[in-house]
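Please walk through this structure with me, one piece at a time. Begin with the sheet, then turn to the helices and a few single residues.

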Amino acid sequence: MITPRPGRTVTGMQVGQPSRTAMATAQARAYHQLADEPRIFTDPLAVRLVGEDAARDNPFDKGVDPELARRRRLFLATRSRFADDTVAEAVADGARQVVVLGAGMDTAAYRNPHQDVRFFEVDHPDTQAWKRNRLSEAGIEVPDSMTFAPVDFHRDNLADALAQAGLDRTRSAVYVWLGVVVYLEHDAIAETLRYIAGQGGGAIVVFDYSYPPDAGQQERGKRVAAVGEPWVSFFTEEQMRSELESAGFTDIEDHSGIALVRSYADIPATGPALPGPHLVRARTASDD
Ligand SMILES: C[S@@+](CC[C@H](N)C(=O)[O-])C[C@H]1O[C@@H](n2cnc3c(N)ncnc32)[C@H](O)[C@@H]1O
C-alpha cells in the first residue's frame, strides 16, 4: 500500500485535496445556465452549488479562445443531458437505483423527483468531503434517497463500498460515470466495467472516454496535468467496444461528442475543434 503524502499525486489526484477538474466542470455547467442559448442541460442547482462568481470565472478557460471554451462547455452540458435522459428513461422502465461514479459536483441526486429512486454517489473521499461542505454551505439538502460511498478507484473495493452503502446487486441499476475514465489506469477501468456488468437485473452505463489527444487537445491536457490530474487512459472506438464486450455488455451505443453536441445546438462547421471525447451508453441483458 502506498502511503499518501499531502500534495503528492498517487491516485491521479492531489492527495488531501478535492478534484480541481470536478470544480471546473461544475463551473462550466453553472455558466451554461447563465450564458448559453439554447440551453442543452437545465440544472437549477448548478449555479447555487458553485456560486455565480465562480461560474463566471473558470480558471480552465483563462486565455482560451472564447468560442473553443463555449464548445467545450456545450460538450459538458451535452454529456450531463445525455446522462439525465438515460436515467429518466431507465426510471420510466422501472429502474430504482442510480449510481453516480466519480460524481464530483453532479446534482442529479438532489434534483431527483422520485422518492423511491435511490441514488449512490461514489467519489474520491477528498472530493466527496469537499462536496458535502459545499452542499451544506449552499443550503442544498441531501435527501434520504441519496447515499455517499467514498472510494478511490485505484485503491478501494467498489463492490464493498456500494454493498455497505446499500446498493441491491440483485435489481437493475443505472451507472453514470462522467469525466472520470480518462483519469484512471486501465486495470481500474476494466475492473469497474466488469463490476457494473455484473449487476443482477441488468445494468445501463453512461460514460465518456477520450481518443488519444490531437495537438489542440494536448494544450488542455497540460492544464489538467498542472493541477495534478493528468489524463492517463485513451481508447479508440474499437478498443472501447472490445473492453465493453469482454466486460459483458451486449447493447453498445458509441457517439462522438461532436455529433451529439450538434444534435442539440447549431455549431458552425468552421471554428475551433470540439473536444475529442466519445459518449457511450451500454447495457447488459436484463432479467428483472
Ligand atoms: C472531471 S471530474 C468529473 C466530475 C463529475 N462526474 C462531472 O461530470 O462533473 C473527475 C472526477 O473523478 C474523480 N476521480 C478521479 N480520480 C479518482 C479516483 N482515483 N478515485 C475516485 N474518484 C476519482 C474526482 O474526484 C472527480 O470527482
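**The sheet and its strands**

L101 has V122 in β2 as its bridge partner. Strand β1 (residues 97-101) and strand β2 (residues 118-123) pair in the parallel sense, over five bridges. Two strands count as paired if DSSP finds at least two bridges between them. Strands and helices are DSSP runs numbered from the N terminus: E and at least two residues for strands, H or I and at least four for helices.

This is a predicted model, in which local features need pLDDT of at least 70 and side-chain atom pairs count only at pLDDT 80 or more, while totals for chains, interfaces and linings use all residues. Residues are numbered from 1 along each chain as its sequence is written, and side-chain values use heavy atoms, with hydrogens and water left out.

Now widen the view. Seven strands form an open sheet, in the order β3-β2-β1-β4-β5-β7-β6, with mixed pairing. The edge strands are β3 (146-150) and β6, each pairing on one side only. From one strand to the next, the twist averages 15°. Strands of a sheet pair through backbone hydrogen bonds, either parallel or antiparallel.

Look next at strand β7 (residues 278-283). Five of its six residues are buried, where buried means under 20% relative accessible area, exposed over 50% and partly exposed in between, with a 1.4 Å probe and protein chains only. Strand β5 (residues 203-209) pairs with β7 in the antiparallel sense over six bridges. Strand β6 (residues 251-256) also runs antiparallel to β7, joined by six bridges. Which residue in β7 is the bridge partner of Y209? That partner is H278. H278 is the bridge partner of S256 as well.

Helices come next. Two packed helices are described by the angle between their axes and the distance between the axes. Axes are lines fitted to C-alpha atoms, for helices over the stretch in contact, and angles run from 0 to 180 degrees between N-to-C directions.

Helix α8 (residues 186-197) lies across β1, β4 (173-177) and β5, and runs at about 160° to β4. Its axis comes within 8 Å of that of helix α10 (residues 237-247), and the two cross at roughly 45°. The pair is therefore oblique. Angles under 35 degrees count as roughly parallel, over 145 as roughly antiparallel, 65 to 115 as roughly perpendicular and the rest as oblique. H186, A190, L193, R194 and A197 in α8 meet E243, L244 and A247 in α10. Contact means heavy atoms within 4.5 Å.

Helix α1 (residues 20-35) packs against helix α4 (residues 66-92) at an angle of about 95°, with the axes 9 Å apart. α1 and α4 are therefore roughly perpendicular to each other. In α1, T25, A28, R29, Y31, H32 and A35 take part, facing R73, L74, L76, A77, R79 and S80 in α4.

Finally, two single residues. T78 lies in helix α4. Is T78 buried or exposed? T78 is buried, because its relative accessible area is 0%. Residues up to four places away in sequence aside, T78 touches I40, L260, V261 and Y264.

V224 is found in helix α9 (residues 215-226). V224 is buried too, with a relative accessible area of 3%. Neighbours within four places in sequence aside, V224 is in contact with T21, F60, Y183, E229, P230 and W231. V122 lies 102 residues from V224 along the chain, and their C-alpha atoms are separated by 21 Å.
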